[in-house]
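Good morning, and thank you for joining this group meeting. I shall take a few minutes to go through one structure, chain by chain, and then turn to the interface.

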Amino acid sequence: MKTVFQKPKALTDAPLHYCPGCTHGIIHRLVAEAIDALGIEGNTVGVAPVGCAVMAYDYFSCDMVEAAHGRAPAVATGLKRAMPENIIFTYQGDGDLASIGMAETVHAATRNENITVIFVNNAIYGMTGGQMAPTSLPGQVTQTSPYGRDVKHCGYPVKVCEMLAQLEGPEYLARVAVNNVKNVLSAKKAIQKAFENQIAGKGFSLVEVISACPTNWGMTPQKALEWIDEKMIPYYPLGVYKDRSKEAGV
Amino acid sequence: MADKVLMKGNEALAEAAIQAGCRHYFGYPITPQTEVAAYMAKRMPKIGGCFLQAESEIAAINMVYGVASAGKRVMTSSSSPGISLKEEGISYLAGADLPAFIVNVQRGGPGLGGIQPSQSDYFQSTRGGGHGDYHIIVLAPSSVQEMADLTVKGFDLADEYRMPAMVLADGTMGQMMEPVTMGSYQPKTVEKPWAVTGTRMQRPHNIVNSLYLNPEELERTNFERYARYAVIEQKEAMYEAFLMDDADICVTAFGIASRVSRNAVLAARAEGIKVGMLRPITLWPFPKAPFAEAADRVSAFISVELSMGQMIEDVELATRCKRPVYLCNRTGGMIPSPEQVLAKIKEIAGGLK
């Protein structure tokens with residue numbers, strides 16, 4: 001019998017704990033597919049965040065480290081400086097990367113630390129039950145913005161790719177989504193490129209993945225995917241925000 | 001460099017770390033320990049090592065966590081307010097059973113405090129410092145030579161017991177210059193099969209982690225860790241006994257306070273007062289045995305500290321309050337003078353007569 005579909009080797013057999021309709025599973029798969037495609041599993045160390053993906057260390061087959069909340073880029077910096085020949089990636093959510101870990105994110109980027117950062121932006125704190133995230137949209141209703149995010153009271157969402165693109169340091173910054181087949185295919189390419197950049201020694205490569213949280217958004221999985229098109233992508237336009245190899249005309 | 005050289009405490013410590021095999025240093029500037037970072041910044045690039053100035057103390061300790069996860073010797077140094085920031089990371093290091101070497105060149109507190117010498121982080125360091133059930137090994141040098149020797153010892157103990165070790169110094173220890181001998185260290189080599197160096201597709205994946213959602217499992221890891229701590233308390237407690245054989249009064253002090261106290265003890269002896277000194281070299285594990293033993297022989301203890309009295313509680317615990325323990329202290333960056341300590345010894349000796 002011909003195998004037409006199988007689990008990437010870089011994922012373990014552990015059942016994922018994610019909620020129905022959550023797109024973390026797709027993003028895990030894309031990361032694992034990139035690791036498989038590049039043949040780097042035996043040489044890769046991943047860093048898991050605090051948040052919904054906290055148990056990612058059980059899901060990836062490569063060596064894994066669990067970091068304190070927001071500190072994954074600093075832990076990854078230590079790993080990379082200790083083992084420059086290894087491939088180091090972080091997998092972080094919006095609260096982890098863009099709120100409590102903002103300093104670590106910005107400074108790893110400006111140092112052009114040669115690591116790969118997978119940034120899952122679903123505009124909410126999922127693990128703790130749906131609080132306002134640094135990326136929650138204006139007017140978005142969450143447990144801690146029950147009347148909608150009031151930008152006069154708590155400010156505006158953080159646009160991570162746009163902000164980091166102002167820095168000279170980073171090699172590659174791209175925003176993708178995983179709410180339809182076309183977007184998933186683009187996401188797969190961007191994630192693989194972020195790993196290829198590290199192998200080539202190019203430096204800090206971050207892929208922001210717009211992701212769905214039907215549970216905490218209070219939507220059906222289908223409606224959540226549509227909401228990404230209707231609300232998320234207009235605020236967080238997809239595309240490549242920085243690519244130094246392109247700038248250099250390579 | 002097996003010859004005697006004149007060095008600052010902070011620089012001797014840095015050089016000893018390199019001789020212990022440390023090739024990764026991460027830190028954030030803070031007085032009074034900047035010489036450690038400056039030394040590392042100069043030396044590391046010349047020997048294939050890595051000095052990196054982190055964006056914060058928090059980032060620095062997490063970079064340490066990364067290198068420690070990879071199984072390599074790594075250190076950071078800071079001073080009191082900076083150590084407070086690192087405590088989150090130190091708790092994670094302890095929870096993940098990672099070896100790491102940390103230096104606290106203490107200054108007066110609380111808050112931003114001052115920049116003069118202090119010993120007021122005794123509680124913080126000997127009780128773990130961050131959240132959760134854990135200890136770190138705490139070493140207290142009282143000379144530039146010990147700044148170097150206890151650094152090598154700290155790296156070895158950290159590797160052997162898979163836990164953070166700290167040199168708890170103070171501004172005086174860091175800044176003062178003394179002759180020091182180095183170059184003959186033989187650092188231990190400890191296998192680290194748990195390190196995340198990549199599976200090479202030869203073994204199941206290693207995971208460095210401190211998360212246990214099952215409380216029974218978390219309890220078990222804490223029990224196991226404390227069983228290891230019991231071995232350390234048994235085997236690794238270090239102290240110096242000075243003129244204790246016939247002593248009626250036991251002065252106790254560590255670090256710079258022990259230097260001052262030694263002079264006061266000698267001065268008191270010259271006046272015919274039978275006084276000696278117990279100097280803890282490890283603050284955790286606290287050398288309980290010599291204190292318990294001394295409590296059967298001496299009439300009183302005097303704890304000399306650069307704090308409002310922190311080690312004094314460990315002395316009371318170790319002696320089960322069998323004898324009175326008096327405090328002789330300055331704080332906020334002030335150092336007790338030998339005269340102050342001598343006066344305290346005379347006061348207590350006078351009361352005994």
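**Chain B: overall fold**

In chain B, 79% of the contacts with a separation of 6 or more are between residues 24 or more positions apart. Please keep in mind throughout that this is a predicted model. The secondary structure of chain B amounts to 12 helices and 15 strands. How does its radius of gyration stand against that of a compact globule? For 353 residues a compact globule would have a value near 20 Å, and chain B, at 21 Å, agrees with this. The C-alpha trace of chain B extends about 75 × 50 × 40 Å along its principal axes. Of the 353 residues in chain B, 55% are buried.

Let me now go to a local region of chain B. Strand 11, residues 249–252, has both faces covered. B:Ile249 and B:Val251 lie on one side, B:Cys250 and B:Thr252 lie on the other, and all are buried. This arrangement may be set beside a general rule: in a regular strand, side chains alternate between the two faces of the sheet.

Which strands does strand 11 of chain B pair with? One is strand 14, residues 300–305 of chain B, which runs parallel to strand 11 and is joined to it by 4 bridges. Here B:Thr252 faces B:Ser303 of strand 14. Another is strand 12 of chain B, also parallel to strand 11 and joined by 4 bridges. In that pairing B:Cys250 is placed opposite B:Gly276 of strand 12.

Next, helix 9 of chain B, residues 255–270. This helix has 16 residues, and the distance from its first C-alpha to its last is 23 Å, close to the 22 Å expected at 1.5 Å a residue. Its buried residues include B:Ile256, B:Val260, B:Ala264 and B:Ala268. B:Arg262 is also among the buried residues of helix 9 of chain B. As a general point, an α-helix has 3.6 residues a turn, so residues three or four places apart point the same way.

After helix 9 of chain B comes B:Gly272, with a positive phi near 90°. B:Ile273 then sits in the loop between helix 9 and strand 12 (275–280) of chain B. Why does B:Ile273 count as partly exposed? The reason is that B:Ile273 has 19 C-beta neighbours inside 10 Å, whereas a buried residue needs 20 or more. Leaving aside residues up to four places away in sequence, B:Ile273 touches B:Ala268, B:Ile345, B:Lys346 and B:Ala349. For a sense of scale, B:Ile273 and B:Trp194 are 79 residues apart in sequence, with their C-alpha atoms 55 Å apart in space.

**Chain A**

I turn to the other chain. Chain A has 11 helices and 9 strands. Its radius of gyration is 17 Å, close to the 18 Å that the globule rule gives for 250 residues, so chain A is as compact as a globular protein of that length. Along the principal axes, the C-alpha atoms of chain A fill a box of roughly 50 × 50 × 35 Å. Buried residues account for 55% of the 250 residues in chain A. Of the contacts in chain A between residues at least 6 apart in sequence, 67% join residues at least 24 apart.

Helix 3 of chain A, residues 72–82, is mostly covered, with 11 of its 11 residues buried. Among them are A:Lys80 and A:Arg81, as well as A:Val75 and A:Leu79.

**The interface and the shared sheet**

Finally, the two chains together. In all, 32 residues of chain B are in contact with 29 residues of chain A. Strand 3 (50–53), helix 3 (57–69), helix 4 (80–95) and strand 9 (207–208) of chain B each give two or more residues to this side. Helix 3 of chain B provides the largest share, 9 residues. By class, the side of chain B that touches chain A has 15 nonpolar, 13 polar and 4 charged residues.

How many strands form the open sheet, and in what order? There are 8, in the order 9(A)-7(A)-8(A)-4(A)-3(A)-1(A)-2(A)-9(B), with mixed pairing. Strand 9 (239–243) of chain A and strand 9 of chain B are the edge strands, each pairing on one side only. Strand 2 (residues 63–66) of chain A pairs with strand 9 of chain B in the parallel sense, over 2 bridges. A:Val65 stands across from B:Val208 of that strand.

Notes. Residues numbered from 1 in each chain as written. Chains lettered and ligands numbered in written order. Predicted model: local features only at pLDDT ≥ 70, side-chain atom pairs only at ≥ 80, totals over all residues. Contact = placed C-beta atoms within 7 Å. Nonpolar A, V, L, I, M, F, W, Y, C, P; charged D, E, K, R; others polar. Pairing = 2+ DSSP bridges. Rg over C-alpha atoms; globule rule 2.2 N^0.38 Å. Buried ≥ 20, exposed ≤ 12 C-beta atoms within 10 Å, placed from the backbone. Expected span 1.5 Å × (residues − 1).
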